[in-house]
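Work through the following exercises with the sequence and the model side by side, and try each task before reading its solution.

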Amino acid sequence: MAYVRLATSDDVVALTKLNNIVQSWHARAYPARFKPDVNADHLHQFFDQIIADPDAYLWTAEKQGTPVGYLFAAHVQREETPISHAMTQLHIEHVVVRPDARRQGIFGALMTEVETTAAALNVDE
């Protein structure tokens, strides 16, 4: 069973390592969009900014005390315009589960947090 919680600044090193898994895949699959090498210090700052952002949700999943995945979602609110209604959304920006931890319910546990938070925020979609 995975333990899922909101990440803190104490987690940025583990988040950076987990991000390397998905970053390398993205860089190979979409080289025009994703950088193959990301500076660790810049990534630490990036995660610290997400953690500090009140409209961002960054959950980490642990199994037996070891980080095995994370999910970052952004709460986006759009005002009504002449052509569209106001809406509130929860965008999943990043998700990664270590390959050796897949098919063990980690993604499902992370998504449960997304669904619970979306309901609490009255997300439209």
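**Exercise 1.** How are H1 and H2 oriented to each other: roughly parallel, roughly antiparallel, roughly perpendicular or oblique?

*Solution.* The model is a predicted one, in which local features need pLDDT of at least 70 and side-chain atom pairs count only at pLDDT 80 or more, while totals for chains, interfaces and linings use all residues. Residues are numbered from 1 along each chain as its sequence is written, and side-chain values use heavy atoms, with hydrogens and water left out.

Begin with the axes: those of H1 (residues 12-29) and H2 (residues 40-52) come within 9 Å and cross at roughly 115°. Angles of 65 to 115 degrees count as roughly perpendicular (under 35 is roughly parallel, over 145 roughly antiparallel, the rest oblique), and H1 and H2 are therefore roughly perpendicular to each other.

**Exercise 2.** Which residues make the contact of H1 with H2, and how do they divide by class?

*Solution.* Counting heavy atoms within 4.5 Å as contact, H1 contributes Val12, Val13, Leu15, Thr16 and Asn19, and H2 contributes Ala40, Leu43, His44, Phe47, Asp48 and Ile51. Next, sort them: Ala, Val, Leu, Ile, Met, Phe, Trp, Tyr, Cys and Pro count as nonpolar, Asp, Glu, Lys and Arg as charged, and the others, Gly among them, as polar. The contact then divides into 7 nonpolar, 3 polar and 1 charged residues.

**Exercise 3.** How many residues line the largest pocket, and which element supplies the largest share?

*Solution.* A pocket here is an open set of points on a 1 Å grid where a 1.4 Å probe fits, with protein on both sides within 12 Å along at least five of seven lines, and lining residues have an atom within 4 Å of a point. The largest pocket has 16 lining residues, of which Gln23, Phe34, Val38, Leu43 and His94 lie nearest its centre. At least two lining residues each come from H1, H2 and strand S4 (87-97), and the largest share, 4 residues, is that of H1. By class, the lining has 6 nonpolar, 6 polar and 4 charged residues.

Note on methods. Axes are lines fitted to C-alpha atoms, for helices over the stretch in contact, and angles run from 0 to 180 degrees between N-to-C directions.
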